[in-house]
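Good morning, and thank you for the time. I shall speak about pockets and surface in the model now being shown.

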Amino acid sequence: MGFGFLSHLFYPWGLIAQGLALVHFIRRRPDSYWLYIILFLGPLGAAIYFIAEVVPDVGIVGQGFKMFPRRKRIGELRQLVQVNPSPGNFEELGDLLMEDGKLGAAREAFDRAIGSRGDSLDAFYRRGVCALMLGDVAAAVPDLAKVYAKEPGYDFFRCAGLLAQAYALTGEKERAAGLFRWATDRSVTSETYLNYSDLLASEGRNAEAREWAQKVLEKKPAMPGYQKRRERKWFRGASARLKRMQG
């Protein structure tokens, strides 16, 4: 029995399965060979794709359902801080708002937490990250620098990498380069590698910039599937950077 027979046997469900597999492929952009498997193997290819790529993603998608209890808790905390404006309540509110993508509101919550108790590295770090992601680099630097000074390896050296990125964005490229070198000696974080690659490219050091972008892609073969899905954003970024530098 050929693939044509299978397509006829499962019509129209086979076509629906192929369509759903293609939608998932377009959104997630896994390895390109999956497109050929879906198109040329018909329903069987779609089934193989679902088992290999979609089913493992259920765990990731399932995290999205956490938004409902999270948003409920955000509402509770917003009411709670009206009667009990403790630093801990504001810090928890900031964490949840940050997870929910509300960076401006999260930053304000961390402001309130720090204003009441200025000794929480978590609050300073997260406020700095929010500021950096919102494009307010000047405000991000002192917060990230404070955390780095007290705990250089904070958040598995991500703080050091983000501070280096903030220095680069404020024009302190020599300082940024030194900190990037320190961080990349201790961490294999793709985000840090790519930001360092950007700095090197901005200085015309394209060979070194390509090397650091390539390092991100070199990690891919040894990664388990779930980690590859989490790192997909950085793999795409590394590929795009290498393509730009070749042009």
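By class, how many nonpolar, polar and charged residues does the lining of the largest pocket have? The lining has nine nonpolar, four polar and eight charged residues. Here Ala, Val, Leu, Ile, Met, Phe, Trp, Tyr, Cys and Pro count as nonpolar, Asp, Glu, Lys and Arg as charged, and the others, Gly among them, as polar.

Two notes on the source. This is a predicted model, in which local features need pLDDT of at least 70 and side-chain atom pairs count only at pLDDT 80 or more, while totals for chains, interfaces and linings use all residues. Residues are numbered from 1 along each chain as its sequence is written, and side-chain values use heavy atoms, with hydrogens and water left out.

A pocket is an open set of points on a 1 Å grid over the protein atoms alone, where a 1.4 Å probe fits, with protein on both sides within 12 Å along at least five of seven lines; lining residues have an atom within 4 Å of a point. Of the 21 residues lining the largest pocket, M133, R158, E191, K233 and W234 lie nearest its centre. Helices are DSSP runs (H or I, at least four residues), numbered from the N terminus. The largest share of the lining, five residues, comes from α8.

A209, in helix α13, residues 206-218, counts as buried because its value is 0%. The cut-offs are under 20% relative accessible area for buried, over 50% for exposed, and partly exposed in between, with a 1.4 Å probe and protein chains only. Between A209 and L242, the C-alpha to C-alpha distance is 8.6 Å, at a separation of 33 residues in sequence.

Definitions and conventions: Helices (H or I, at least four residues) and strands (E, at least two) are DSSP runs, numbered from the N terminus.
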